[in-house]
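Dear colleague,

Please find the structure below, handed over for your study. My findings follow directly after it.

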Amino acid sequence: MITRIFGLSIVITVVSLVVAYLYGGLTALALCAILGILEVSLSFDNAVINATVLERMSEFWQRIFLTVGVLIAVFGMRLIFPLAIVWVTAGLNPVEAFDLALNPPADDAAYFPDGSPSYETLLTDAHPQIAAFGGMFLALLFLNFIFEERDITWLSWLEKPLAKAGKLDMLSVVVAGTGLVLVAEFLADADDRSTVLVSGLLGMIVYILVDGLGSMFHTEEFEEGPQGGPSTLVKATGKAAFFLFLYLEVLDASFSFDGVIGAFAITSDPIIIALGLGLIGAMFVRSITVYLVRQGTLSDYVYLEHGAHWAIGALAAILLVSIGVHVNELITGLIGVAFIGAALVSSVLRNRKAEPDAVEDAKESAPVS
């Protein structure tokens, strides 16, 4: 099982490292490996969330996401997206943007001798808009989760009061919108204030639209299990699955923003970024997602979904704070890993505590001979 799921990712990793070495020697190889590790550490929570959504989709749509969706993630977000930002913000066509990326100023300076900005500088200047859009999309995802009442809670002392507060209709939108206004007012530069507000509002609109369309076509129908056994949830197909697919793609894009921007602290070479973030990182995130779905890990470790959403909340906050304050990429990665790790440990402890209770219940229900 492990070899089958992770085998392709390992092969692609080896090939990517070889290509990186042939492209730029040992330095390129090392940078490619670092970016791959960075992407996996930043995106583990992404894999958990992907798995929770994929479990609701039919096998056909799962395959679509794990093939077409991954290609979009690899080439769209990790290669084309940065070029598109430079294309739009600097008025350069895609070919000129790619040429600018491949030919940075001497000594990786921020500007060329004629005063024109480098590719990395142009992308960094667009960070407030990117962070506002991604931060608000992820913030709504997190808020809608914690404001919903659930049978199982992880941080019960906090999640239960928040779920009660969530009975107020559209509270997540109110909280997210208030946060956006505060960020634009107190963290964004005066010149960026309007663009931050517009970008954040677009992030909210995209989340509400995609999530709403998915909900509109999704009906929770149940069918009887095999041999009249317990009923099982019917998997989403057709339009419902298509909108879940779109939801996952936008979600992956939002998760990718911090990784793409963080990559420029390591290198501005689009080829190395595509190899490290795209091929190595995205493929391992795909494999982790498949593993979680196939192994039923989310049902065995019930707090993982909670930990992933709290990690999303932390990432959303970091993206919004980064509009005015630089946040080290190491902090971003470690916070996500910390939440997932804590949720995993809590799940294991819960399962161990439940085992003796299950044995005791079985003994009590056993017929007396």
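A nonpolar patch on the surface is formed by Ile10, Val14, Val18, Tyr21, Leu22 and Leu26, with about 630 Å² of accessible area together. Patches are made of residues with over 30% relative accessible area and no salt bridge; like charges are joined within 9 Å, and nonpolar side chains (Val, Leu, Ile, Met, Phe, Trp, Tyr) within 5 Å. Accessible areas come from the Shrake-Rupley method with a 1.4 Å probe, and for residues only the protein chains shown count as cover. One of the patch residues, Tyr21, is in helix H1 (residues 2–54). Helices are DSSP runs (H or I, at least four residues), numbered from the N terminus. Tyr21 is partly exposed, at a relative accessible area of 42%; buried means under 20%, exposed over 50%, and partly exposed in between (1.4 Å probe, protein chains only).

Please note that this is a predicted model, in which local features need pLDDT of at least 70 and side-chain atom pairs count only at pLDDT 80 or more, while totals for chains, interfaces and linings use all residues. Residues are numbered from 1 along each chain as its sequence is written, and side-chain values use heavy atoms, with hydrogens and water left out.

I turn next to the aromatic rings. Rings of Phe, Tyr and Trp (its six-membered ring) pair if their centres lie within 6.5 Å; planes under 30 degrees apart count as stacked, over 60 as edge-to-face and the rest as tilted. The count by this rule is 8 aromatic pairs. The rings of Trp61 and Phe245 are tilted, because their centres are 6.1 Å apart and their planes stand at 50°. This pair links distant parts of the chain, with Trp61 in helix H2 (residues 59–90) and Phe245 in helix H9 (residues 238–263), 184 residues apart. Trp61 is buried at 15% relative accessible area, and Phe245 is buried at 8%. Phe245 also pairs with Phe65: the centres are 6.4 Å apart and the planes at 80°, so this pair is edge-to-face. Phe60, Trp61, Phe65, Phe242 and Phe245 form one aromatic cluster.

How many salt bridges does the structure hold? There are 2 salt bridges, each being a side-chain nitrogen of Lys or Arg within 4 Å of a carboxyl oxygen of Asp or Glu. One joins Arg150 and Glu148 (3.4 Å, N to O). Arg150 is partly exposed at 30% relative accessibility, and Glu148 is partly exposed at 43%. Glu149 and Lys167 also meet in a salt bridge (4.0 Å, N to O), and both residues are exposed.

Conventions: Helices (H or I, at least four residues) and strands (E, at least two) are DSSP runs, numbered from the N terminus.
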